[in-house]
Amino acid sequence: MTDPLALKVADAVSDLLADPDTALVSPRTTTADRQQLAYGPLGIALLHIERAAAGLGPWQRAHAWLAAAAREPFTSGPDSHPFYGAPALAHAVACAAEHQPDPYPRALLQLDPQIDRDVHRRLDAAHRRIDAGALPELGEFDVIRGLAGYGAYLLHRNPLSPTLSTLLHYCVRLTKPVSHDGETLPGWWTASGPSGRLDERFPGGHANSGMAHGIGGVLALLALAARHGNTVDGHLEAIRTILAWLDRWQEEVGPGVAWPYWVTRAELREGRSAPSAPRRPSWCYGTAGLARAQQLAALALGDTRRQAEAENTLVAALTDPSQLKATTDNGLCHGFAGLAHVAARTATDAHPSTAAQLRAAIPALLTAVCPPDTNPAAVAAALIQDEKAGPGFLNGAAGIALALLSPATATPPTSPWDSCLLLA
């Protein structure tokens, strides 16, 4: 079943973002945000790459936005990360290269060796840190800035690459418990708050659960790598370690369960989470992303019980008014469009009965983004001109348009644009 209105909104966003020289976007998009996958031209290029690969638009639009991004050199080395600089460019170029034989494969011949060097440099630093008994920073291992994000790229480029295997060995080591200040902590415990900076609200640090910045992304990477046949010593045990941690901290919420965004030192000592209001079930933090990661882990382990629990948990979250009420925007990262896309991705791998329930939840999510009787062009213009979200990928119009496509057509993405989110 398709959703014509959602498709028209996606079409309208694409048309309004057709050309970087004429699109009504802030100059910041192609200047200060030029190297940012989350906010800049690379994310807009992903929209046009997916549409062109699916036969919904011309390749020229993707070429134009990639060219706008690449007018000046890209940052590499220590100042870059998966969502900024050369690695971000490489993700967009790799998505195009699968469908365009030239010039993108040639560009990857230059980008891939640099990314390999960056990964090994980061891994060396991470292992020295573990050897010294120090705690990691979130940016060491997370999806947005860290090694899980690099793993997402390597998995897409070559699931059996030696560099990815080396990175997976690090992920296994990250799950080993550590002793710090006389307490036993999970290996991904950080001394900072969720912002990545020291925070007086988090004395003693925290363990982050999220897909974007926490152990959820590492779980998804380990699971996807296993499904692609790349496992290392301790791989499945590491998956089980993360799952056991999430099991320990899951809490009943409405008709299902949810996981805290993070666990503080005080909560660890108490053995339970502090009470909280219902949280939005988003990709970056919350039930949607973690349910997909747990489903992938269950598929990797052949655990049909856990798979059913993960899928049913997502159904419950997407039909629980209290959790949906906590969702207040339309974006890919933590909004209704992102929920619809995660639901569609999860349904693709779900048991048929649960897949039907997930697909049944999608129309209401699309309606939240595209209410009936609205003008698609007006909705698209409002999304692009939203000063807070902007035209970009993670929170803005391009990401919303991308996230609408698969749930609105009931078909998986044609390009691997969402591999950077470790959803597939």
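Where is Leu422 found? The exercises below treat a predicted model.

**Exercise 1. Place Leu422 in the chain, then describe its backbone and its accessibility.**

Step 1. Leu422 is found in the segment after H18.
Step 2. Its phi is near 55°, a positive value in a residue other than glycine. Most residues other than glycine have a negative phi.
Step 3. The relative accessible area of Leu422 is 1%. Buried means under 20%, so Leu422 is buried.

**Exercise 2. Find the value of phi for Ala410 and the place of this residue.**

Step 1. Ala410 lies in the segment after helix H18, which spans 397–409.
Step 2. Phi of Ala410 is near 60°, which is positive, and the residue is not glycine.

**Exercise 3. Classify the packing of H16 against H18.**

Step 1. Helix H16 covers residues 352–369, and its axis comes within 11 Å of the axis of H18.
Step 2. The two axes cross at roughly 150°. Angles over 145 degrees count as roughly antiparallel, and therefore H16 is roughly antiparallel to H18.
Step 3. The crossing of H16 past H18 is left-handed.
Step 4. On the H16 side, the contact is made by Ile362, Leu366 and Val369. H18 contributes Ile400, Leu404, Pro407 and Ala408.
Step 5. For reading such lists, recall that an α-helix has 3.6 residues a turn, so residues three or four places apart point the same way.

**Exercise 4. Follow the chain from Asp102 through H5 to Gly133.**

Step 1. The peptide bond from Asp102 to Pro103 is cis, with omega near 5°. Most peptide bonds are trans.
Step 2. Pro103 sits in the loop between helix H4 (86–97) and H5.
Step 3. H5 takes in residues 104–131, 28 residues in all. From its first C-alpha to its last, H5 reaches 40 Å, close to the 40 Å expected at 1.5 Å a residue.
Step 4. H5 has a kink of about 30° at Gln110, shortly before the proline Pro113.
Step 5. After H5 comes Gly133, with a positive phi near 80°.

**Exercise 5. Decide whether His48 counts as buried or exposed, and list its contacts.**

Step 1. His48 belongs to helix H2, residues 41–53.
Step 2. Its relative accessibility is 1%. The cut-off for buried is under 20%, so His48 counts as buried.
Step 3. Neighbours within four places in sequence are set aside. His48 is then in contact with Ser14, Leu17, Ala18, Arg61, Ala62 and Trp65.

Notes: Residues numbered from 1 in each chain as written. Predicted model: local features only at pLDDT ≥ 70, side-chain atom pairs only at ≥ 80, totals over all residues. Heavy atoms only, no water. Helix = DSSP H or I, 4+ residues; strand = E, 2+ residues; numbered from the N terminus. Buried < 20%, exposed > 50% of the residue type's maximum accessible area, 1.4 Å probe, protein only. Contact = heavy atoms within 4.5 Å. Expected span 1.5 Å × (residues − 1). Bend = angle between axes of the 7 residues up to and from the residue. Axes fitted to C-alpha atoms, helices over the stretch in contact; angles between N-to-C directions. Parallel < 35°, antiparallel > 145°, perpendicular 65-115°, else oblique. Left-handed = near helix turned anticlockwise from the far one by under 90°.
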